[in-house]
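Subject: Structure handover

Dear colleague,

Please find the structure below, followed by notes on what was found in it.

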Amino acid sequence: MNKRIRLFLYGMTGLLCGMTAHLDAQERDVPDNRYTTHATLIGAGRSSLLETYLSPLEYTGPQLTFLRETLRKTHWAEGRVSTQSLLGGYFAYTQNPVRNAEDMAGMIEYRTGWHSNWTLPFRLRLMAGGQIGAYAGFVYNTRNGNNPAQAKAGAELSASVVAIYPFRIRHVPFAIRYQCDMPVMGMMFSPAYGQAYYEIFSEGNYDHNVRFTHPGNAPTFRQLLTLDFPVKDYTFRVGYLCDVRQSRVNALKSHTYNHSFLVGYVKHFQFIKRKDRQRNRLIM
Amino acid sequence: MRKLYILLCPLLAALLLPGCVREDEIDNTPQGNLYALWKIIDERYCFLDYKAQATGLDWSGAYSRYSNRLSEGMNSYQLFEVMCDMLSELQDGHVNLSIPSDMGRYWAWHEDYPDNFSASVIERTYLGTDYKIAGGIKYRILDDNTGYLYYESFSNGIGEGNLDEIMHYLRACNGLIVDVRNNSGGRLDYAERLAQRFTNEHILTGYTSHKTGTGHNDFSTPTADYLSPSTGIRWQKRAVVLTNRRCYSATNTFVRDIKECPLVTIMGDRTGGGSGLPFSSELPNGWLVRFSACPMYNARMEQIEFGIDPDIAVNQSSDDTLKGVDSLIETARTFLKK
């Protein structure tokens, strides 16, 4: 079983990265953990915002998203562990149901995580592990007075699962990937129910402004479904991101439901050390 | 594979357990909007219990009383009128309902009282034409060597450099009159910045609280508010602060703060009040509602929502009005000469 897994992981790494057959020869020269996949995606979609600190109404509107991913195998656990980092963000411009008030929202987030890899029948690969991450953002209401905005900041520890199914159509490699991340604990900033930011930042009066979060009071998850496909020598990626962020702390309710369609490209790198056999071919 | 199940099970459980975080949707109908307005005030307004005692406010029964005035086919202006009537029970100048054509308001806190102020008299008799302007403050030295400064609105900015220049210019005066009449508020930091020029000590001026939940009594422990002395030029002689009923909101807080300064005397009429920091929210039909959210108290933990009494009560006399003289300024000048 172990031998089969190892063999499969070698192959899957190449498929996951959307590599074409011409890389196969190099795989034998460079250790697996030197292969790195960078994916850059941009997207657009719809956003639904609820911030009861600002308004009891749900605001909806278009949003733009970006996502930058780095995926690499490590040498840990005989190469069964991969590492992933995600830098993402969005900007949304939303309106209330009667379209006479606007909320602008933005967020940037960084997560890094580690996954164990398993190979299942039909070449399906499962990855499961954890992530740590942090985010910062805002929701700004264009017409409120002393409560014009809600700041978003927090850090969290997430569980993460990934399923990858590589397949070929007429010898052309494709890969479908599904990823679901869910924070299991963390901490977030929130003003108290009726606390003004003037109190916090001008007077220095704090009142439970950093709260412990868990799925009970902040049921949040992200789902990402992507398809990698080659076009000539390039690998492109299209996908759908469902980003659901919710919280219910300090008697304030908040949710951001972002649904985005993504498109981008994938780049594959291999880090070469001097001890590698290729060193003779290096210029420096 | 066991490891995989161990990792997957909590994740799946966590995905299935929590639900959506949503707010109850209220219909965009006259009944729905009136209920939404009542609910916002019921959950977020900070003076319900205080006003139940002070004015006999019965907010719990307000919705049923005013929903009886709703009828099929009533237009938005009629609905607006019903809502404004309901809000006027709060007797709060910080409570407004805004629609594109109008702003519902409660201004009895100054409309029912004498003005005790005339801008034309101030300009003609006291400021003249050669007064100085620094930031939002107009100032000059009166004939009897009394300094006079008028701060019309705390929405108009004032910098530390402005205040240094003003204090330096007025340094040789026997006393100073700080006129904040008709100043209906603005930014608290400008109000505090001016008040800091009148204390050499770190003094307790009041307390601030906020709601921590939807219950009428869900409040945080009040936090002490202190006035710290300015690091710039500070006023070291006697000063009189002139007030009237139009001193509201941030000006009410300014009077609360400066009243604790040892060389300062408050003179004129009671301030208008407005001690709740206002927040905004909205109704299903998009109408904007403003309400008091964070109560402020004085240094003795007393409510100042309905104003602050002056140390010396002075009203504008009809004789002085005929003479084109401001009774409050003249009384302050006499007081400062003693």
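**Salt bridges within chain B**

B:Lys51 and B:Glu305 are both buried, where buried means under 20% relative accessible area, exposed means over 50% and partly exposed lies in between, with a 1.4 Å probe and protein chains only. Their side chains meet in a salt bridge with an N to O distance of 2.8 Å; the term stands for a side-chain nitrogen of Lys or Arg within 4 Å of a carboxyl oxygen of Asp or Glu. This pair links distant parts of the chain, with B:Lys51 in helix H3 (residues 48–54) of chain B and B:Glu305 in the loop between S12 and strand S13 (312–313), 254 residues apart. Helices (H or I, at least four residues) and strands (E, at least two) are DSSP runs numbered from the N terminus.

Before the rest, the conditions. This is a predicted model, in which local features need pLDDT of at least 70 and side-chain atom pairs count only at pLDDT 80 or more, while totals for chains, interfaces and linings use all residues. Residues are numbered from 1 along each chain as its sequence is written, chains are lettered from A and ligands numbered from 1 in the order in which they are written, and side-chain values use heavy atoms, with hydrogens and water left out.

A second salt bridge joins the side chains of B:Arg197 and B:Glu160, at 2.5 Å from N to O. It too links distant parts of the chain: B:Arg197 is in the loop between H9 and strand S7 (203–208) of chain B, and B:Glu160 is in helix H8 (residues 160–169), 37 residues away. B:Arg197 is buried, at a relative accessible area of 0%, whereas B:Glu160 is partly exposed at 34%.

The pair B:Asp320 and B:Lys323 is a local one. Both residues lie in helix H11 (residues 318–323) of chain B, three residues apart, about one turn of the helix. An α-helix has 3.6 residues a turn, so residues three or four places apart point the same way. The closest N and O atoms of the B:Asp320–B:Lys323 salt bridge are 3.9 Å apart. B:Asp320 counts as buried at 16% relative accessibility, and B:Lys323 counts as exposed at 62%.

In chain A, salt bridges that share partners join A:Glu109, A:Arg111, A:Glu156, A:Asp181, A:Arg222, A:Asp243 and A:Arg245 into one network. Over all chains the structure holds 40 salt bridges.

**Chain B as a whole**

Chain B has 12 helices and 13 strands, and 53% of its 338 residues count as buried. Of the contacts (heavy atoms within 4.5 Å) in chain B between residues at least 6 apart in sequence, 73% join residues at least 24 apart.

The buried residues of H9(B) are B:Leu188, B:Tyr190, B:Ala191, B:Leu194 and B:Ala195. Seen down the axis of H9(B), they fall within an arc of 165 degrees, so they line one face of the helix; the arc is that of the directions from the helix axis to the C-beta atoms.

**The interface**

What is in contact across the interface: 44 residues of chain B and 49 residues of chain A. Between them the two chains bury about 3800 Å², 61% of it on carbon and sulfur atoms. Buried area is the accessible area (1.4 Å probe) that two parts lose on being put together, summed over both.

The rule finds three salt bridges across the interface of chain B and chain A. A:Arg143 forms a salt bridge with B:Glu282, with the closest N and O atoms 2.7 Å apart. There are also 18 residue pairs in polar contact between chain B and chain A, both residues being at pLDDT 80 or more. A polar contact is a pair of N or O atoms within 3.5 Å; within protein, one must be able to donate a hydrogen and the other to accept it, and residues adjacent in sequence count only if both atoms are side-chain atoms.

On the side of chain B that touches chain A, the elements giving two or more residues include helix H2 (30–44), helix H9 (188–195) and strand S11 (276–282). H1(B) gives the largest share, seven residues.

**Backbone**

A:Arg123 is not a glycine but has a positive phi of about 65 degrees. A:Arg123 lies in the loop between strand S4 (102–119) and strand S5 (125–141) of chain A.

Regards
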